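Morning, everyone. Let me put the structure up, and then we will walk through it piece by piece.

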Amino acid sequence: MNNIVFSVFDPEWDGGDHKNRWERWRPTLSLLSHDDLAINRIELIVQTHLIEMAQVTIEDMKSVSPETQIIIHKVEMKDPWDFEEVYGSIHDIAESYSFKPKQNNYYAHMSTGTHVS
């Protein structure tokens, strides 16, 4: 079975393009460093205005785990603390997603900056 993780890009913890980004914890990147859980695909939810920032993290993820497929889901959120807006965005993704539970294990990943989602 494939392991698929849904994760929300966290600009505070995941983001950054400075050289010392490798010296700190980055929650989405760290998903790919567990020897006992191979991640086949990450469904990364990214606010549209953060796509450019997320690209650095995506490239870092590819360098750490080139076998992991990374799918980007762009969402528009004016206020990431507006529960209705956040849940609506995630609901739209889930509603249109083709889940195959007999073929895949699905996981939801949260970090300190994405707990509202």
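Start with the aromatics. Phe6, Tyr97, Phe99 and Tyr106 form one aromatic cluster. Keep in mind that this is a predicted model, where local features need pLDDT of at least 70, side-chain atom pairs count only at pLDDT 80 or more, and totals for chains, interfaces and linings use all residues. Residues are numbered from 1 along each chain as its sequence is written, and side-chain values use heavy atoms, with hydrogens and water left out.

What counts as a pair here? Rings of Phe, Tyr and Trp (its six-membered ring) pair if their centres lie within 6.5 Å; planes under 30 degrees apart are stacked, over 60 edge-to-face, and the rest tilted. That rule gives 8 aromatic pairs. Take Phe99 and Tyr106: the ring centres are 5.0 Å apart and the planes stand at 75°, so this pair is edge-to-face.

Buried means under 20% relative accessible area, exposed means over 50%, and partly exposed is in between, with a 1.4 Å probe and protein chains only. Phe99 is partly exposed at 39%. Tyr106 is partly exposed too, at 25%.

One more ring. Arg26 lies over the face of Trp22, 5.5 Å from the ring centre. The rule for that: NZ of Lys or CZ of Arg within 6 Å of the ring centre and within 35 degrees of the ring normal.

Now the sheet. Helices (H or I, at least four residues) and strands (E, at least two) are DSSP runs, numbered from the N terminus. Two strands pair if DSSP finds at least two bridges between them. Here 4 strands make an open sheet, in the order S3-S2-S1-S4, with parallel pairing. Which strands stand at the edges? Strand S3 (69-75) and strand S4 (104-109), each with a single partner strand, so one side of each has no neighbour in the sheet. From one strand to the next, the twist averages 20°. Angles run from 0 to 180 degrees between N-to-C directions, and axes are lines fitted to C-alpha atoms, for helices over the stretch in contact.

Look at strand S2. S2 covers residues 41-47 and is joined to S3 by 7 bridges, in parallel. Gln47 has Val75 of S3 as its bridge partner. Val46 stands opposite Lys74 in S3. On the S1 side, S1 and S2 pair in parallel over 5 bridges. There, Ser7 stands opposite Leu44 in S2. How enclosed is S2? Largely, because 6 of its 7 residues are buried.

Next, the helices. Helix H2 (residues 51-64) lies across S2 and S3, at about 165° to S3. Helix H3 (residues 83-96) packs on the sheet and touches strand S1 (2-8), S2 and S3, with its direction at about 130° to that of S3. Contact means heavy atoms within 4.5 Å.

On to the nonpolar cores. A core is a set of buried Ala, Val, Leu, Ile, Met, Phe, Trp, Tyr and Cys residues joined through side-chain atoms within 4.5 Å. The largest has 15 residues, and Phe9, Ile42, Leu44, Val46 and Met61 touch the most other members. S2 and H2 are the elements that give two or more residues to this core. H2 brings the largest share, 4 residues. Leu44 has contacts with Ser7, Val8, Phe9, Thr28, Ile58, Ile71, Ile72 and His73, leaving aside neighbours within four places in sequence. A second, separate core holds 9 residues, including Ile4, Ile45, Val75 and Ile93.

Glu43 sits in strand S2. Glu43 is buried, at 3% relative accessible area. Beyond four places in sequence, Glu43 touches Ile4, Val5, Phe6, Ser7, Ile71, His73 and Tyr97.

Last stop, strand S4. Asn104 is buried at 8%; Asn105 is partly exposed at 28%. Where do they meet the start of the chain? Asn104 and Asn2 are 102 residues apart in sequence, yet 4.6 Å apart C-alpha to C-alpha. For Asn105 and Asn3, the separation is 102 residues and the C-alpha distance is 4.9 Å. Not counting residues up to four places away, Asn105 touches Met1, Asn2, Asn3 and Ile4.

That is the tour.
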